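Dear colleague,

Please find below the structure that I am handing over to you, together with its sequence. My notes on it come after the display.

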Amino acid sequence: MAEFDYRGGMLHAEDVSLADIAAAVGTPFYCYSSAALTRRFAAFTDAFGGQDAMVCYSVKANSNLAVIRTLAGLGSGADVVSEGELRRALAAGIPPEKIVFSGVGKTRDELAYAIAQGIYRINVESEPELDAIGYLAGGRTVEIGIRVNPDVDAKTHEKISTGRAENKFGIDIGRAREIFAKARAIPGIRPVSVAVHIGSQLTDLAPMRTAFTNVADLVRELRADDNTIDSIDLGGGLGIRYDGENPPSAEAYANMVLEATGNLGCRLIFEPGRSLVGNSGILVTRVIYEKFGLSHRFVIVDAAMNDLIRPALYEAYHRIVPVAQPEPGVESSPADIVGPICETGDTFARGRDLPPLAQDGLLAFMSAGAYGAVMSSTYNTRLLIPEVLVNGDSFAIVRRRPSYDELLKLDSLADWQQSV
Ligand SMILES: Cc1ncc(COP(=O)(O)O)c(C=O)c1O
């Protein structure tokens, strides 16, 4: 089942034509499918049917309130990495007891806020963070996990690889027993969980299997040391298909998890992000001009690297298709799809076969639901673009396009400049 598919020659999101949305909200815009979110969340949870599994959607992948609310309505918890994300998760209706807080640099203010909200778990990534929580606990008992760094190569893009010893994340797994002992000795802290996350867009189960097996071994050792471990948090990381990848299914992932962790008899916490939202969203953009250089055909679109930075940042691939399906027999030719920003890095794709495109024609960048809108900026004083959620034959703007006035009002002049 494809939630983004051609019907009557037009690309649709569920039952809504993307051309109709473009006419109503302007371009560029992100569009998410409720049905796709629901189907992917169900596939993940069904794969762990019968287990004590807690799915905490990783809000960083797409933190739109309406997206979080959709997943909250399906029973999801949230994995957050900042006070802002924690506030979003709460505002979207995720109860504190379903929220885990990850991150290598949580500030004391953020920790204090999280403790005051009574969230489920704080996953601690350093000894000073333990001390900070102990100081902030203020008579409460804060249940924490310790995020370990298993020194496993996730075999993904180096910028989203997080489980090697040289990466900043977690505490060296070889020191975990010592750190648990230290945590237990701090009044106000109860270490009850081991957390791990080795990277994102993993299409090979082997590195995760190694990391999870090591975590399971560690849990047995920690229990032998008299620690009460009630859960393991296995992070996110499951990859998706952008192009030719063949990512493991939710079932294959679940089978691997259950084999690797065996009968620990504890809760399994998951923090999937990309695998829930990546292919549940697209970005729709409009052709401003086509131009033919000496050697290249350039398609200049109204989206830019500030709206979707993945190609510039990670050399990421997004399939790019015309919203109006080309007539059969129309010849395609290779084109570079570029944005209007004054940087050569503002290139979405090179040498893609595309049919002749009308000025103002619409293109869709597929698989843009994860790490898309959340990583956007206003570089070149471009406005953040709208986000739209589709549900059956309805759609709603779930983040509107701000006005230039709103953007400019965030700046102010220094008082000595006022009279100039
Ligand atoms: C701690 C943690 N959990 C979960 C995720 C979500 O990962 P993904 O979107 O690959 O599922 C990340 C992202 O890198 C993360 O750092």
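The notes below describe the domains, the core, selected strands and helices, and a few backbone details.

The model is predicted: local features require a pLDDT of at least 70, side-chain atom pairs count only at pLDDT 80 or more, and totals for chains, interfaces and linings use all residues. Residues are numbered from 1 along each chain as its sequence is written.

Domains. The assignment divides the protein chain into domain 1 (4–31 + 278–409) and domain 2 (63–272); such bounds come from an automatic or database domain assignment. The centres of the two domains, taken over C-alpha atoms, are separated by 34 Å. Contact is made between 15 residues of domain 1 and nine residues of domain 2, where contact requires C-beta atoms, placed from the backbone, to lie within 7 Å. On the side of domain 1 that touches domain 2, at least two residues each are supplied by α11 (310–314), β20 (387–391) and β21 (394–399). Helices (H or I, at least four residues) and strands (E, at least two) are DSSP runs, numbered from the N terminus.

Core. The largest nonpolar core contains 111 residues, and those with the most contacts inside it are L18, C31, I99, I146, V194 and V284. A nonpolar core is a set of buried Ala, Val, Leu, Ile, Met, Phe, Trp, Tyr and Cys residues joined through C-beta atoms within 7 Å. A residue is buried if 20 or more other C-beta atoms lie within 10 Å of its own, exposed if 12 or fewer, and partly exposed in between, with C-beta atoms placed from the backbone. Helix α8 gives the largest share of this core, seven residues, and the core draws at least three residues from each of domain 1 and domain 2. Leaving aside neighbours within four places in sequence, the contacts of I146 include V124, I171, F180, P191 and V194.

Strand β11. In β11 (residues 189–195), five of the seven residues are buried. This strand pairs in the parallel sense with β9 (residues 142–149) over six bridges; two strands pair if DSSP finds at least two bridges between them. R147 has A195 of β11 as its bridge partner. Strand β12 (residues 231–233) runs parallel to β11 and is joined to it by three bridges, with I232 of β12 as the partner of V194. From β11 the chain crosses through α8 (residues 205–224) to β12 in a right-handed β-α-β crossover, meaning that, with the strands pointing away from the viewer, the path from the first strand over the helix to the second runs clockwise.

Helix α3. V67, I68, T70 and L71 are buried in α3 (residues 65–73). These residues lie on the same side of α3 because they cover an arc of only 155° around the axis, the arc being that of the directions from the helix axis to the C-beta atoms. Among the elements covering the buried residues of α3 are α2 (34–47), β5 (53–58) and α4 (83–91). Just after α3, G75 takes a positive phi of about 105°.

Backbone details. Most residues other than glycine have a negative phi, and most peptide bonds are trans. The peptide bond from T27 to P28 is cis, with omega near -10°. D360, not a glycine, has a positive phi of about 75°; D360 is exposed, with 11 other C-beta atoms within 10 Å. T381 has a phi near 50°, also positive, and is found in the loop between β19 and β20.

Yours sincerely

Methods:
Contact = placed C-beta atoms within 7 Å.
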